[in-house]
Amino acid sequence: MLLKGKNILITGAATGIGQGTAKVLAKEGANLLLCDINEASLQETMSLIESFGGKYPTLKVDVSKKEDIENMVKTAVDVLGSLDGAFNNAGISGATAEIAEYPDDAFDKVIDTNLKSIWWSLKAQIKVMLSQPGKGSIVNTASVGALVGKPGISAYIASKHGVSGLTKNAALEYGKHGVRVNAVCPGVIRTPMLDGLIKSGKVGSEADWNAIQPIGRLGTTEEIGEAVAWLLSDRASLVHGQSIALDGGFTVS
Ligand SMILES: NC(=O)c1ccc[n+]([C@@H]2O[C@H](COP(=O)([O-])OP(=O)(O)OC[C@H]3O[C@@H](n4cnc5c(N)ncnc54)[C@H](O)[C@@H]3O)[C@@H](O)[C@H]2O)c1
C-alpha cells in the first residue's frame, strides 16, 4: 500500500475528483479527514470508503474562509494525530462571460474559492508539517486551465495559473525543509462541475469535450486519484514544484 497509516486531509471530498481520490487514498491505506462545504454529501463519500478500515471523519469547511481552513488543519491534527498529506482540491468553475462583461463579484468569488483557499491552506499546512518529524507532502488541484487559456472562463483560468505559481514558490521555499508541494492539472474529467459547464451551453458540448483529449474520452476521477496517491507517497520523493497535466494528451496536441 502506498499510503499505509498516513494521515491526509482532502477538500472538495463530497463529489467529483475529491470523492474519486478519497476512494484511491483509502484503498492505499490512508486515514482521511473528508472536508467540503456540502456536509450532507460527505456522508456518501464516507460510505463508499468505510470498508477499507481506516479513520474517515468528516468536516464542514468553506475553503473561501480563512478561519475555516485554519480550523480544518487543526482538526486534522487533533482527530487523526498528524498531517502527513493534504489534497487541496475544492474549487468552482464560476461564471461564464467574456472579460469585458465578467462581473467583478463573480471574479472575486472564483479567486477566493480557488486561489486564496490554496494560499491559506499552504500557510496553515506547512506550519504544521514543519513541526513534525516525518514532514509532509501537499498536492493542489490546478487544471489544464493553469497551462492554457479558454475563452469565457477568465477568472477560473487566472485562479488556476495562480495555483500553479503558488505551488512552485512553496516548493522552492520548503523543499529543503522536508515538505514537498506539487499540483495536478486535470483535463476533462467527468464530474458534476463538468456537467454544469456543459449544461451552461457556453463552453461546448460533451462531444466537443471528448474530442479535445487525444485519448478520445473524458478522464475519470479515480485516474486523478491514482496520480495524487503517488504524489502524496514517499515513492514520489524527487517530484517537487510540478504542475502535472493529467489530460489524455490535451496539452501536447
Ligand atoms: N472536472 C474537471 O474536468 C476538472 C478539470 C480540471 C480541474 N478541475 C478541478 O478539480 C477540482 C474538483 O472539481 P470537480 O470537477 O470534482 O468538481 P465538483 O463540483 O464535482 O466538486 C467540487 C467540490 O468542491 C466543493 N466546494 C465548492 N466550493 C467549496 C467551498 N467554498 N468550500 C468547500 N468545498 C467547496 C463542492 O461542494 C464539491 O464537492 C476543482 O478545483 C476543479 O477546478 C476539474
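Predicted model: local features only at pLDDT ≥ 70, side-chain atom pairs only at ≥ 80, totals over all residues.
Residues are numbered from 1 along each chain as its sequence is written.

**View 1. An open sheet of 7 strands.** The strands follow the order β3-β2-β1-β4-β5-β6-β7, with parallel pairing. β3 (58–60) and β7 (243–246) stand at the edges with a single partner strand each, so one side of each has no neighbour in the sheet. On average, neighbouring strands are turned by 20 degrees against each other, direction ignored. Helices and strands here are DSSP runs numbered from the N terminus (helices H or I, at least four residues; strands E, at least two). Two strands pair if DSSP finds at least two bridges between them. Strands of a sheet pair through backbone hydrogen bonds, either parallel or antiparallel.

**View 2. Strand β1 and its two partners.** All 5 of the 5 residues of β1 (residues 7–11) are buried, so this strand is largely enclosed by the rest of the structure. For burial, C-beta atoms are placed from the backbone, and a residue is buried if 20 or more other C-beta atoms lie within 10 Å of its own, exposed if 12 or fewer, and partly exposed in between. N7, L9 and T11 cover one side of β1, with I8 and I10 on the other. β1 pairs in the parallel sense with β2 (residues 31–36) over 5 bridges, and with β4 (residues 85–88), also parallel, over 3 bridges. Look for I10 here: this residue stands opposite L34 in β2 and opposite F87 in β4. Together, β1, α1 and β2 make a right-handed β-α-β unit. Right-handed means that, with the strands pointing away from the viewer, the path from the first strand over the helix to the second runs clockwise.

**View 3. The shell around the ligand.** Of the 28 residues around the ligand, G12, G16, G91, T191 and M193 come nearest. A residue is near a molecule or strand if its C-beta atom, placed from the backbone, lies within 6 Å of it. Helices α1 (16–27) and α6 (192–200) each supply at least two residues of this shell. By class, the shell divides into 13 nonpolar, 13 polar and 2 charged residues. Here Ala, Val, Leu, Ile, Met, Phe, Trp, Tyr, Cys and Pro count as nonpolar, Asp, Glu, Lys and Arg as charged, and the others, Gly among them, as polar.

View 4. 8 of the 8 residues of β6 are buried. V179, V181, A183 and C185 lie on one side, and R180, N182, V184 and P186 on the other. β5 and β6 run parallel and are joined by 6 bridges, with I138 and V181 as one of the bridge pairs. On the β7 side, β6 (residues 179–186) pairs in the parallel sense over 4 bridges; A183 stands opposite S243, and P186 has L246 as its bridge partner.

View 5. Helix α4 (residues 104–130) lies across β4, β5 (136–141) and β6, running at about 180 degrees to β4. Helix α5 (residues 154–174) lies across β5, β6 and β7, at about 160 degrees to β6. Axes are lines fitted to C-alpha atoms, for helices over the stretch in contact, and angles run from 0 to 180 degrees between N-to-C directions. Y174 lies in α5 and counts as buried, with 21 C-beta neighbours inside 10 Å. Leaving aside neighbours within four places in sequence, Y174 is in contact with I126, V179 and V181. Two residues are in contact if their C-beta atoms, placed from the backbone, lie within 7 Å.

**View 6. I212 in helix α7.** I212 lies in α7 (residues 206–212). Beyond its neighbours within four places in sequence, I212 is in contact with V188 and F250.
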